[in-house]
Amino acid sequence: PRPPSTPVPRAIPALATGMKNEVPEVENVVRIAPVGKSLVKYNENTIYSEDLIYSEPSFFEVFDFKLKEGNPSTCLKEPKTAILTETMAKKIFGDENPMGKVFSADGSNDLVVSGILEDEKRPSHFKFDIIISINPSVSDSTTAQFLSSWNSIAMTEYALLKNPNSVKDVIVDMDSLMRRNKVIDAW
């Protein structure tokens with residue numbers, strides 16, 4: 001017998017923005033693109049990140065993770081910025097102050113450390129040791145197109161609701177939003 005299928009927690013990149021703009025019950029959204037294991041380099045130090053993710057500035061508006069250093073409202077705003085957990089910062093930079101330092105990860109050679117995240121002690125269903133800004137640079141039309149795409153399923157998205165009891169209404173509104181953008185008809 002076949003094992004039961006497991007739902008994949010991926011969504012359409014444009015859905016989050018559409019929900020925030022068109023679904024009244026949605027207060028805020030955040031998109032996360034998990035990468036997983038990634039090579040990280042700083043000077044002569046080469047290690048692996050086990051749980052690298054990309055996200056956007058609303059990460060700190062939707063979740064209550066705490067920064068030890070950096071500004072939660074701006075640390076993921078600029079392209080090529082990255083936040084490290086305390087443990088990862090220590091692995092990469094040792095005793096050096098990592099803020100403002102440039103390192104490479106996931107094929108990008110010019111990531112700037114914009115924040116240090118307190119190591120999380122609470123259990124969570126997703127893990128990360130590096131968060132890179134998903135915001136594209138002005139010249140990066142490929143990422144901008146991807147983030148506004150209704151044609152792929154590639155990200156994990158979280159919505160913060162104004163009223164937690166409005167889940168059923170949000171589902172109806174999401175369905176309508178996807179139909180208006182021809183997503184459901186295509187499947």
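# Packing and loops, a chat

Student: What do the buried residues of H3 pack against?

Tutor: E1, E2, strand E4 (81-85), E5, E6 and strand E7 (130-133). Packing here rests on contact, meaning heavy atoms within 4.5 Å. Helices (H or I, at least four residues) and strands (E, at least two) are DSSP runs, numbered from the N terminus.

Student: What kind of model is this?

Tutor: A predicted one: local features need pLDDT of at least 70, side-chain atom pairs count only at pLDDT 80 or more, and totals for chains, interfaces and linings use all residues. Residues are numbered from 1 along each chain as its sequence is written, and side-chain values use heavy atoms, with hydrogens and water left out.

Student: Back to H3. Which residues are buried there?

Tutor: In helix H3 (residues 86-93), they are Met88, Ala89, Ile92 and Phe93. Buried means under 20% relative accessible area, exposed over 50%, and partly exposed in between (1.4 Å probe, protein chains only).

Student: Where do they sit around the axis of H3?

Tutor: They fall within an arc of 105 degrees, so they line one face of the helix. The arc is that of the directions from the helix axis to the C-beta atoms.

Student: What follows H3?

Tutor: Gly94, with a positive phi near 60 degrees.

Student: New topic. At what angle do H1 and H5 cross?

Tutor: Roughly 115 degrees. Their axes come within 10 Å. H1 is residues 13-22 and H5 is residues 167-180. Axes are lines fitted to C-alpha atoms, for helices over the stretch in contact, and angles run from 0 to 180 degrees between N-to-C directions.

Student: Is that crossing left-handed or right-handed?

Tutor: Right-handed. A crossing is left-handed if the near helix is turned anticlockwise from the far one by less than a right angle, and right-handed if clockwise.

Student: Which residues make the contact?

Tutor: H1 gives Leu15, Gly18, Met19 and Glu22. H5 gives Val170, Met174, Leu177, Met178 and Arg180. By class, that is 6 nonpolar, 1 polar and 2 charged residues. Ala, Val, Leu, Ile, Met, Phe, Trp, Tyr, Cys and Pro count as nonpolar, Asp, Glu, Lys and Arg as charged, and the others, Gly among them, as polar.

Student: Which residues of H1 are buried?

Tutor: Pro13, Ala14, Leu15, Ala16, Gly18 and Met19. Their cover includes E1, helix H4 (141-147), strand E8 (156-161) and H5.

Student: And which are buried in H5?

Tutor: Val170, Leu177 and Met178. They cover an arc of only 95 degrees around the axis, which puts them on the same side of H5. The face turned away from that buried side carries the exposed residues Lys168 and Val172.

Student: What span does H5 reach?

Tutor: H5 has 14 residues and reaches 20 Å from its first C-alpha to its last. That is close to the 20 Å expected at 1.5 Å a residue. The expected span is 1.5 Å times one less than the number of residues. Just after H5, Lys182 has a positive phi of about 60 degrees.

Student: Where is Asn43, and what is its phi?

Tutor: Asn43 sits in the loop between strand E1 (26-42) and strand E2 (45-55). Its phi is positive, about 50 degrees, although it is not a glycine. Most residues other than glycine have a negative phi. Asn43 is exposed, at 62% relative accessible area.

Student: What about Asp106: where does it lie?

Tutor: In the loop between strand E5 (102-105) and strand E6 (108-117). Phi of Asp106 is positive too, near 50 degrees. Asp106 counts as partly exposed, at 33% relative accessibility.

Student: Is Ser55 buried or exposed?

Tutor: Buried, with a relative accessible area of 0%. Ser55 is in strand E2. Its C-alpha is 6.5 Å from that of Ile131, 76 residues apart along the chain. Leaving aside neighbours within four places in sequence, its contacts include Val30, Ile32 and Ile134.

Student: And Phe63, buried or exposed?

Tutor: Phe63 counts as buried, at 17%. It is found in the loop between helix H2 (59-62) and strand E3 (67-69). Beyond neighbours within four places in sequence, Phe63 contacts Val30, Ile32, Phe126 and Tyr158.

Student: Last one. Where is Lys162?

Tutor: In the loop between E8 and H5. Lys162 counts as exposed, at 55% relative accessibility. Lys162 and Val26 are 136 residues apart in sequence, yet 6.0 Å apart in space, C-alpha to C-alpha.
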